[in-house]
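Here are my notebook entries from a sitting with this model.

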Amino acid sequence: MPHTVLLAEDDRAIRNALERALTLEGYQVMAVADGVEALAQAHRNRPDVLVLDVMMPGIDGLQVCRVLRAEGDRTPVLILTALVETADRIAGLDAGADDYVVKPFDVEEVFARLRALLRRTSPVGVGDPIGGAPAGGAQVGSAPAGSPPVPEAPRQQLPERFIEAAGIRMDPQARRAWRGARELELTRTEFELLELLVRNAGIVLDHSTIYDRIWGYDFGPGSKNLAVYVGYLRRKLDDPDGPQLIHTVRGVGYVLRED
């Protein structure tokens, strides 16, 4: 079955062109012109992925995303925006979006980002660490799905499905994460980025590796996408009086470690 895309874009020319391109690429497209209809369509026929323009009359794309997330809908969302400032990108992440494309865009980039988002909805994600075995003392396993999470338990009593490093505990099956006793509220992309860092704690991951594992596509040295997500993840992880966990290795990438 083809993947279904709900496309919300008020510019008729862009909407029609993107609908044609997505259809030729093999997607089943539901195209609408505003946020009100986007929400109605999402409620009637839940798509596999949403492509939302930010600046639409009435309910804009970010508000559509906020409503869906408040309802517990975790369908991947790709934002189309002409706004390029960091604050605008952060606003999209705050709303619960998973990724964004800046206008004017190359349709091949849209295809690449959609493929990456759809891959991440399957059971196989960033599960295996780079190089095969867990690094940095991370613990992995596969306990039965019914085992209750016990994040406050001593390390030897944690269910085997948990991973842990640098004071971070994660349950990839339940998609939950804690720093100490504090549970972290993470978007899909934030969770997968943190999981990748935890599974490879102590190892410097270069930009291209992270892009490939999280987005499935290397957007090149000019992209600020990764830096925005790392900054946003740091805001949720770090305590005011505690050590920073995600460290920047200039010109290379990022590493998770406790100094």
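Predicted model: local features only at pLDDT ≥ 70, side-chain atom pairs only at ≥ 80, totals over all residues.

**Entry 1: Asp53**

Which residues is Asp53 in contact with, leaving aside its neighbours within four places in sequence? I found Ala8, Glu9, Asp10, Asp60, Gly61, Leu80 and Lys103, where contact means heavy atoms within 4.5 Å.

Residues are numbered from 1 along each chain as its sequence is written, and side-chain values use heavy atoms, with hydrogens and water left out.

I placed Asp53 in strand S3 (residues 49–53); helices (H or I, at least four residues) and strands (E, at least two) are DSSP runs, numbered from the N terminus. Asp53 counts as buried at 4% relative accessibility. For this I take buried as under 20% relative accessible area, exposed as over 50% and partly exposed as in between, with a 1.4 Å probe and protein chains only.

I also checked UniProt, where an unreviewed entry puts "modified residue: 4-aspartylphosphate" at Asp53. UniProt positions are given in the numbering used here, feature names are shortened, and annotations may be inferred rather than shown by experiment.

**Entry 2: Lys103 and Pro104**

Lys103, one of the contacts of Asp53, is joined to Pro104 by a cis peptide bond with omega about -10 degrees. I located Pro104 in the loop between strand S5 (99–102) and helix H5 (107–119).

**Entry 3: Thr4**

Next I looked up Thr4, in strand S1 (residues 4–8). Thr4 is buried, at a relative accessible area of 16%. Not counting residues up to four places away in sequence, Thr4 touches Gln28, Arg46, Pro47, Asp48 and Val49.

**Entry 4: the cores**

I then went to the nonpolar cores, each a set of buried Ala, Val, Leu, Ile, Met, Phe, Trp, Tyr and Cys residues joined through side-chain atoms within 4.5 Å. The largest has 32 residues, of which Leu193, Leu194 and Ile210 touch the most other members. At least two residues of this core come from each of strand S6 (163–165), strand S7 (168–171), helix H6 (188–199), helix H7 (207–215), helix H8 (225–237) and strand S12 (253–256). H8 gives the most, with seven residues.

I followed Leu193 beyond its neighbours within four places in sequence and found contacts with Ile210, Ile214, Leu226, Tyr229, Val230 and Leu233. A second, separate core holds 20 residues, including Leu50, Cys65, Val77 and Ala97.

**Entry 5: two positive phi values**

Most residues other than glycine have a negative phi, and most peptide bonds are trans. I noted Ala166, with phi near 55 degrees, in the loop between S6 and S7. Ala166 is buried, at 16% relative accessible area. Arg175 also has phi near 55 degrees and sits in the loop between S7 and S8. Arg175 is partly exposed, with a relative accessible area of 39%.

**Entry 6: side chains by the second largest pocket**

How is the lining of the second largest pocket divided by class? I have six nonpolar, two polar and nine charged residues; Ala, Val, Leu, Ile, Met, Phe, Trp, Tyr, Cys and Pro count as nonpolar, Asp, Glu, Lys and Arg as charged, and the others, Gly among them, as polar.
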